[in-house]
Amino acid sequence: MGRLKNTKHEDFAQEYAKTGNAYQSAVSAGYSEKYAKGNSYKLVEISGISERIKEIHAEIEKKLIERSELEPPMSDEELLSLLYGVARQRPYAGRTLIKTTTDGETTETVKEYQYSPNTEDKLVALDKIARIKGMYLDKLEIGITETPVFVDDLGDDDG
């Protein structure tokens with residue numbers, strides 16, 4: 001898709017992708033405060049702008065992944081595999097980035113660790129798996145066992 005031809009729309013999409021605030025983004029893009037107060041949410045709903053916002057988010061995510069600040073999104077299979085592993089209390093390896101600043105100089109080190117899920121982690125994972133599989137009823141079902149009887153207690157008068 002690329003940049004939008006309407007520069008106000010493009011500026012709005014860029015700002016909205018960063019802030020998520022329609023009003024602030026509209027004002028920053030050059031719309032009047034009066035217009036922004038009543039109509040900024042409509043800008044988000046315009047198909048070209050909403051598609052551009054999604055595109056900008058994808059570009060940001062790609063840059064973060066390339067800079068190793070964010071791992072690629074987890075697939076459904078990977079998510080379920082991790083949940084099943086936690087439910088079975090299988091240990092797994094992890095890593096964390098540690099930034100240390102000494103005398104104004106920042107160093108980054110990656111610390112790897114082994115994590116073993118505890119009983120609470122197991123119960124939470126089992127609950128999430130049960131919800132994913134639809135094992136819980138989220139609504140109450142009420143059944144009527146008798147035939148309802150309606151009583152006309154208003155009488156024949158209209159008044």
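Trainee: At what angle do the axes of helix H5 and helix H6 cross?

Mentor: In this predicted model, the axes of H5 (residues 76-87) and H6 (residues 119-132) cross at roughly 135° and come within 8 Å. Angles over 145 degrees would count as roughly antiparallel, so H5 is classed as oblique to H6. The crossing of the two helices is left-handed.

Trainee: Which residues of H5 and H6 meet?

Mentor: From H5, the residues are Leu-80, Leu-83, Tyr-84, Val-86 and Ala-87. On the H6 side they face Asp-121, Lys-122, Ala-125, Leu-126, Lys-128, Ile-129 and Ile-132. By class, the contact has nine nonpolar residues, three charged and no polar.

Trainee: How is the packing angle of helix H1 and helix H3 to be read?

Mentor: Angles of 65 to 115 degrees count as roughly perpendicular. H1 (residues 7-19) packs against H3 (residues 33-45) at about 90°, the axes being 11 Å apart. H1 is therefore roughly perpendicular to H3. H1 contributes His-9, Phe-12 and Tyr-16 to the contact, and H3 contributes Ser-40, Leu-43 and Val-44. Here the division is four nonpolar, two polar and no charged residues.

Trainee: Is Arg-52 buried or exposed?

Mentor: The cut-off for buried is under 20% relative accessible area. Arg-52, which lies in helix H4 (residues 47-66), has 4% relative accessibility and so counts as buried.

Trainee: What does Arg-52 touch?

Mentor: Leaving out residues up to four places away in sequence, Arg-52 touches Met-1, Gly-2, Arg-3, Leu-4, Glu-10, Ala-13, Gln-14 and Glu-59. Two glutamates, Glu-10 and Glu-59, are on that list.

Trainee: What describes a pair of aromatic rings?

Mentor: The distance of the centres and the angle of the planes describe such a pair. The count for this model comes to three aromatic pairs. One of them is formed by Tyr-31 and Tyr-35, with 5.1 Å centre to centre and 20° between the planes. Planes under 30 degrees apart count as stacked, so this pair of Tyr-31 and Tyr-35 is a stacked one.

Trainee: Are Tyr-31 and Tyr-35 buried or partly exposed?

Mentor: Tyr-31 is buried, at a relative accessible area of 14%.

Definitions and conventions. Residues are numbered from 1 along each chain as its sequence is written. This is a predicted model: local features need pLDDT of at least 70, side-chain atom pairs count only at pLDDT 80 or more; totals for chains, interfaces and linings use all residues. Side-chain values use heavy atoms; hydrogens and water are left out. Axes are lines fitted to C-alpha atoms, for helices over the stretch in contact, and angles run from 0 to 180 degrees between N-to-C directions. Helices (H or I, at least four residues) and strands (E, at least two) are DSSP runs, numbered from the N terminus. Angles under 35 degrees count as roughly parallel, over 145 as roughly antiparallel, 65 to 115 as roughly perpendicular and the rest as oblique. A crossing is left-handed if the near helix is turned anticlockwise from the far one by less than a right angle, and right-handed if clockwise. Contact means heavy atoms within 4.5 Å. Ala, Val, Leu, Ile, Met, Phe, Trp, Tyr, Cys and Pro count as nonpolar, Asp, Glu, Lys and Arg as charged, and the others, Gly among them, as polar. Buried means under 20% relative accessible area, exposed over 50%, partly exposed in between (1.4 Å probe, protein chains only). Rings of Phe, Tyr and Trp (its six-membered ring) pair if their centres lie within 6.5 Å; planes under 30 degrees apart count as stacked, over 60 as edge-to-face and the rest as tilted.
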